[in-house]
Amino acid sequence: MRKTLLDSLQGPLTEAPPAPDEAGLAELAQSVDRAARAKLGRSLSIRQIDAGSCNGCELEIHALSNAFYDLERFGLRFVASPRHADVLLVTGPVTKNMREALLRTYAATPDPKWVVAVGACAADGGLFAGSYAVAGGVKDVVAVDLHIPGCPPNPRALLAGLLALLQTAA
Ligand code: SF4
């Protein structure tokens, strides 16, 4: 017991986090903003839809708005209504309960619009594929323009995916 207590007084055993690359992040975010203004004439508005995820992908998406990433400063905005959105950012396998909600959200989003499937589950159901409660991946319900892989993808991967979408979108 004494040894355990003494051991616990030593420094943390977790790995040190990677050094922040603020300049690289700022450049990436500004590229997204420039591409959005060139394609849309305005900044990028995103409606996030959880179609049945474990919320791991949401934690990474939420991180885009924290004090470190703070992406609103670059014109990337999350909006509460699909009627104000350019991009639908969809996570998770599409559960049978959420299928109708996803279809309605897609219908409510004005053109031009893009659908981005986020994470392994959004691609094909991932860990939950084959479940009685799952309708499939996002592409099985609405047309998908881009898939961002990962379980979950980190904020930088999300941002790089959005930039790739804007650069290739017609
Ligand atoms: S891809 Fe991974 S983190 Fe995202 S919803 Fe699926 S299991 Fe969760």
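## Model and confidence

Among the elements of the protein chain, mean pLDDT is lowest in helix H1 (residues 2-8), at 79, and highest in helix H4 (residues 96-108), at 97. Here pLDDT is the predictor's confidence in each residue, from 0 to 100, and helices (H or I, at least four residues) and strands (E, at least two) are DSSP runs numbered from the N terminus. For the protein chain the mean pLDDT is 89, with 98% of residues at 70 or more. Where pLDDT is low, the predicted coordinates should not be read in detail.

This is a predicted model, in which local features need pLDDT of at least 70 and side-chain atom pairs count only at pLDDT 80 or more, while totals for chains, interfaces and linings use all residues. Residues are numbered from 1 along each chain as its sequence is written, and side-chain values use heavy atoms, with hydrogens and water left out.

## Strand S5

Strand S5 (residues 114-118) is largely enclosed by the rest of the structure, because 5 of its 5 residues are buried. Buried means under 20% relative accessible area, exposed over 50%, and partly exposed in between (1.4 Å probe, protein chains only). Trp114, Val116 and Val118 cover one side of S5, and Val115 and Ala117 the other.

S5 pairs in the parallel sense with strand S3 (residues 87-91) over 5 bridges, and Leu88 has Val115 of S5 as its bridge partner. Strand S7 (residues 146-148) is also paired with S5 in the parallel sense, over 3 bridges; there Val118 is partnered by Ile148 of S7. Pairing requires at least two DSSP bridges between two strands.

## Cysteines

The whole structure contains 0 disulfides, a disulfide being a pair of cysteine sulfur atoms within 2.5 Å. Cys57 counts as buried because its relative accessibility is 12%. Cys121, at 13%, also counts as buried.
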